[in-house]
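Please keep the sequence and the 3D view at hand while reading.

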Amino acid sequence: MPLNLIENASMAAKTLGANKLRSGLTMLGIVIGNASVIAMVAAGQAAQIYVTRQFESLGTNVLFITPGDAQRGPGAGASRADTLTLADAEAIATEVPSVRAVSPEKNQRLRISQGATETQANVIGTTHDYGTVRQVELAQGRFLSPVDAQAQVPVAVLGSEVAQTLFGPQHPLNQTIRISNQRFRVVGIAAPRGSSFGQNQDEAVYIPIWVMANQLTGQEAGRTSPSVQTIAVSALDPTQASAAQYQITNLLRLRHGLFQDANDFTVQSQQDLLTTAASITDILVLVLGFTAGISLLVGGIGIMNIMLVSVTERTQEIGLRKAIGAKDSDISIQFTIEAVILAVMGGVIGTSLGIASIGIMTLTTPLTASLSFGAIAVSFSVSGGIGLIFGLLPARRAAQLDPIVALRS
Amino acid sequence: MALIELEQVSKTYGSGPLAVPVLHDVSLTIEAGDYCAIMGPSGSGKSTVMNIIGCLDKPSQGRYYLDGQPISNLDANALAEIRNRRIGFVFQQFYLLPQLTAIENVMLPMVYANVPGPKRRTRALRALQKVGLGNRLHNRPNQLSGGQQQRVAIARAIVNRPQLLLADEPTGALDSQTSQSIMDIFADLNREGMTLVMVTHDREVAQQCERILTFRDGRLLNGQDASSHPSAASLG
């Protein structure tokens, strides 16, 4: 009958404790392996959450229509990147029933000045629906109104950073700014929104799209309706998003005169974008976890090495134990347990370090890393398993020693 | 019935043309309660006999009965159990585990015998008191003198109350005065009925035994007769 495990564990602890430096160094590989598995997986998941939030910050139930066929690569199906027009946006608004608001967007980076202060900003020509679709909150004043769009009034709503840069502590409402030397009256200041996909949304200026087309970007040859870079659409509710996607596609194909040809535009739902991003971040998490897993494996090999050395050094002890009645299985269990204890202790320390690094990550980066109990459970059981597997060979070697030879050595 | 009975035991290491014979046709009987020395020059086969008697090794030919039980056909686990319950070992180099205290070293055989925890401590304590070390329970081997270490080893050997105590050069690493104190312990144990078999080079030590078995070139020179008693022995 093999010895009971507690007995063996306390014996192993005594042996390992007698050589603390070596035990510590042996554990180090597993410590690093565990810490990195937990930290890496947490970082990967945090990145995943971050990306998801970015998409969600775009607005819920939102569809994005962009020129060109994204499915077939840039430029495919349409050689020009200006196949979408303001008229398309207006048609969607009037003819697609599942749509609540439509926000055509024309962007350009332009020079903004107020008095002697000058800066660059992303000028977005759009309509009042932008505020609805993109969920812009205002700190002061109002957003663009339907009247602004029709009457082509040169008004501007400033992003919070632009307002800060141009006006500092001054009150910006009803002041005049210049965009490419055209005068605009400030009617509103957006609340800070942070950045989305590397685009600082607080560095934006919103003006009526017709004003942008007529006064800033200029008339486009042979067009009755100005081109737009994006049409953002919000569906009536999330269940209507795919219906809207379908209806918009049909409408635009009709309007663009496409019968056999492929789409010259792309309609993507936020769900599509999320799925794409998720498939990328899933791979990221996997790669990070795998890399960290390799260091666990290396740690296991470290344990095996030291255990083999230990068996050689303790030949006499093994011989003595066998002489006084230890069976092969007793010796085997003893050495296996020593390896498992090393691995599991390494696991505990590594996990603690991993948790600490998650804390540091959360404090110092925009990523909000959360503790994954799955990762802890996995790395724990994996390190126990590693101890077991890499402990087997040394344990077998110990158990097979001939006591006479062992005692004589 | 004799405690130890070897019948025409031979031992050969290796096989074929490289075979090294170390024991030839050894037959001997040791009765329960005997106090017996095994002598002989190195390479005479005395250690091999000792290993066979101690169930650490098996004869190549011949039979070995321990207390009437045939040993030759037992498997490794059964032999381990016999070593654990019925035989105590004392070695020249003591072989105490350095990370364990005296009493923990003594408790070790009981660990393998599955003796319940509390019982181990009392039995180990009694064994240590018997060898005169009741006051050094919690010292580690490196805090003990050679003689003290050997006494811990003797306590470890007798703690499972074996029928047979085997000692391999037990005084080989000790000065003569300490040696004598160890021999006194052995004499006491023998008086209490323990069978003792001791391998030694030291004729003075051997002469304290009741009987000397002398080996040369793998053969037992003075087997079963009364000439093996030290008073009649003329060899050495």
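Two residues are in contact if their C-beta atoms, placed from the backbone, lie within 7 Å. In this sense A:Ile355 touches A:Ile38 and A:Leu371, when residues up to four places away in sequence are not counted. The structure is a predicted model, in which local features need pLDDT of at least 70 and side-chain atom pairs count only at pLDDT 80 or more, while totals for chains, interfaces and linings use all residues. Residues are numbered from 1 along each chain as its sequence is written, and chains are lettered from A and ligands numbered from 1 in the order in which they are written.

**Chain A as a whole**

- Chain A has 13 helices and 12 strands; helices (H or I, at least four residues) and strands (E, at least two) are DSSP runs, numbered from the N terminus.
- The radius of gyration of chain A is 33 Å, whereas a compact globule of 409 residues would have one near 22 Å. This radius is taken over C-alpha atoms, and the globule rule is 2.2 Å times the number of residues to the power 0.38.
- Along its principal axes, the C-alpha trace of chain A spans about 105 × 55 × 35 Å.
- Of the 409 residues in chain A, 43% are buried. A residue is buried if 20 or more other C-beta atoms lie within 10 Å of its own, exposed if 12 or fewer, and partly exposed in between, with C-beta atoms placed from the backbone.
- Among the contacts in chain A with a separation of 6 or more, 82% are between residues 24 or more positions apart.

**Chain B as a whole**

- Chain B contains seven helices and 10 strands.
- The radius of gyration of chain B is 18 Å, which agrees with the value near 18 Å for a compact globule of 236 residues.
- The C-alpha atoms of chain B fill a box of roughly 50 × 40 × 35 Å along the principal axes.
- In chain B, 47% of the 236 residues count as buried.
- Among contacts in chain B between residues at least 6 apart in sequence, 68% join residues at least 24 apart.

**Where the chains meet**

- In the contact between the chains, 21 residues of chain B meet 20 residues of chain A.
- On the side of chain B that touches chain A, the elements giving two or more residues are helix H2 (76-86), strand S6 (87-91) and helix H3 (102-112) of chain B. The largest share, six residues, comes from H2(B).
- By class, this side of chain B has 13 nonpolar, five polar and three charged residues. Ala, Val, Leu, Ile, Met, Phe, Trp, Tyr, Cys and Pro count as nonpolar, Asp, Glu, Lys and Arg as charged, and the others, Gly among them, as polar.

**Helix packing in chain A**

- The axes of helix H11 (residues 328-364) and helix H12 (residues 373-399) of chain A come within 7 Å and cross at roughly 150 degrees. Axes are lines fitted to C-alpha atoms, for helices over the stretch in contact, and angles run from 0 to 180 degrees between N-to-C directions.
- H11(A) and H12(A) are therefore roughly antiparallel to each other. Angles under 35 degrees count as roughly parallel, over 145 as roughly antiparallel, 65 to 115 as roughly perpendicular and the rest as oblique.
- The contact of H11(A) with H12(A) involves 17 nonpolar, 10 polar and two charged residues.
- Helix H2 (residues 20-56) of chain A packs with H11(A) at an angle of about 40 degrees, with their axes 6 Å apart, and the two helices are therefore oblique to each other.
- The contact of H2(A) with H11(A) has 18 nonpolar, 10 polar and no charged residues.

**Selected residues**

- A:Ile355 is placed in helix H11 of chain A and counts as partly exposed, with 16 C-beta neighbours inside 10 Å.
- A:Thr249 is found in helix H8 (residues 241-255) of chain A. Leaving aside its neighbours within four places in sequence, A:Thr249 is in contact with A:Asn263 and A:Val267.
- A:Gln135 is not a glycine, yet it has a positive phi of about 55 degrees. A:Gln135 lies in the loop between helix H4 (129-133) and strand S4 (138-141) of chain A.
- B:Phe94 also has a positive phi, near 65 degrees, in a residue other than glycine. B:Phe94 lies in the loop between S6 and H3 of chain B and counts as buried, with 22 C-beta neighbours inside 10 Å.
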